[in-house]
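Welcome! Here is a short tour of a single protein chain, written for someone meeting it now. Please take a look at the sequence and the model, and then read on.

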Amino acid sequence: MTSPLLERLASHPRDADPAIEEADAHGRPSAGCTYADLRVRSARVAASRLEGRAALNGAPIAFLCEPSITYVELFLGVVRAGWLAGPLSPHHASPEQLYVLEDAQPERVLVTSSLAPRLAALVSPERLRST
């Protein structure tokens, strides 16, 4: 599966340019990554989530994480693996998240360890994967 987004990421002419910069509470840069970093990190996410299986051919995969570099890595990794990305918002209450999960019926739900307790009651353990 090819994606215009991934094609643009792969062909970005300036690998060393910052793709994302995060700021601390005072607005000072605290972290960041380049376009080259994003390619490597998203490939790692895609490979680690396949667990030896072929791409899931458009299967819906939900993910929950804080707005951060990790969010972008997960989104791009899900797309690279051939899945349909279904981001969940950490700002939504459990009933809203449950509605999305029931409607989308994702094959898996990826979640950062800090937010995993929020989904533990909503998702069966075999579908929940902590990042």
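Predicted model: local features only at pLDDT ≥ 70, side-chain atom pairs only at ≥ 80, totals over all residues.

Residues are numbered from 1 along each chain as its sequence is written, and side-chain values use heavy atoms, with hydrogens and water left out.

**A46 and its surroundings**

- A46 has a relative accessible area of 8%, so it is buried (buried means under 20% relative accessible area, exposed over 50%, and partly exposed in between, with a 1.4 Å probe and protein chains only).
- Setting aside neighbours within four places in sequence, A46 is in contact with G77, R80 and A81 (contact means heavy atoms within 4.5 Å).
- From A46 to E73 the C-alpha distance is 9.4 Å, and the two are 27 residues apart in sequence.

**Other residues of helix α2**

- S42 also has its place in helix α2, and at 0% relative accessibility S42 counts as buried.
- The side chain of S42 reaches the backbone oxygen of L38 at 2.8 Å, which is a polar contact (a pair of N or O atoms within 3.5 Å; within protein, one must be able to donate a hydrogen and the other to accept it, and residues adjacent in sequence count only if both atoms are side-chain atoms).
- Beyond its neighbours within four places in sequence, S42 is in contact with E73, L76, G77 and R80.
- S48 is another residue placed in helix α2; S48 counts as partly exposed, at 37% relative accessibility.
- S48 and A81 are 33 residues apart in sequence, and their C-alpha atoms are 9.6 Å apart in space.

**The salt bridge**

- How many salt bridges does a search of the whole structure find? The search finds 1 (a salt bridge is a side-chain nitrogen of Lys or Arg within 4 Å of a carboxyl oxygen of Asp or Glu).
- R41 and E73 form a salt bridge, and their closest N and O atoms are 2.9 Å apart.
- This pair links distant parts of the chain, with R41 in helix α2 (residues 35–50) and E73 in helix α3 (residues 69–80), 32 residues apart.

**Helix α3 from start to end**

- At the start of α3, a side-chain oxygen of S68 comes to within 3.2 Å of the backbone nitrogen of T70.
- The 12 residues of α3 should span 16 Å at 1.5 Å a residue, and its end C-alpha atoms are 16 Å apart, which agrees (the expected span is 1.5 Å times one less than the number of residues).
- Which residues of α3 are buried? They are I69, E73, L74, L76, G77, V78 and V79.
- An α-helix has 3.6 residues a turn, so residues three or four places apart point the same way.
- After α3 comes G82, with a positive phi near 85 degrees.

**Two more places to look**

- S3 sits in the segment before α1 (4–10), and S3 is buried, with a relative accessible area of 12%.
- The C-alpha atoms of S3 and R80 are separated by 8.1 Å, although the two residues are 77 residues apart along the chain.
- Q105 is found in the loop between α4 and β5 (108–111); the phi of Q105 is near 45 degrees, a positive value in a residue other than glycine.

**The chain as a whole**

- The chain has 5 helices and 6 strands, and from the N terminus on its elements run α-β-β-α-β-α-β-α-β-α-β.
- Of the 131 residues in the chain, 34% are buried.
- Among contacts between residues at least 6 apart in sequence, 58% join residues at least 24 apart.
- The chain exposes about 7,400 Å², with 56% of it supplied by carbon and sulfur atoms (accessible areas come from the Shrake-Rupley method with a 1.4 Å probe; for residues, only the protein chains shown count as cover).

**Confidence in the model**

- The mean pLDDT of the chain is 79, and 74% of its residues reach 70 or more (pLDDT is the predictor's confidence in each residue, from 0 to 100).
- Confidence is lowest in strand β1 (residues 18–23), at a mean of 65, and highest in helix α4 (residues 94–104), at 91.

Key: Helix = DSSP H or I, 4+ residues; strand = E, 2+ residues; numbered from the N terminus.
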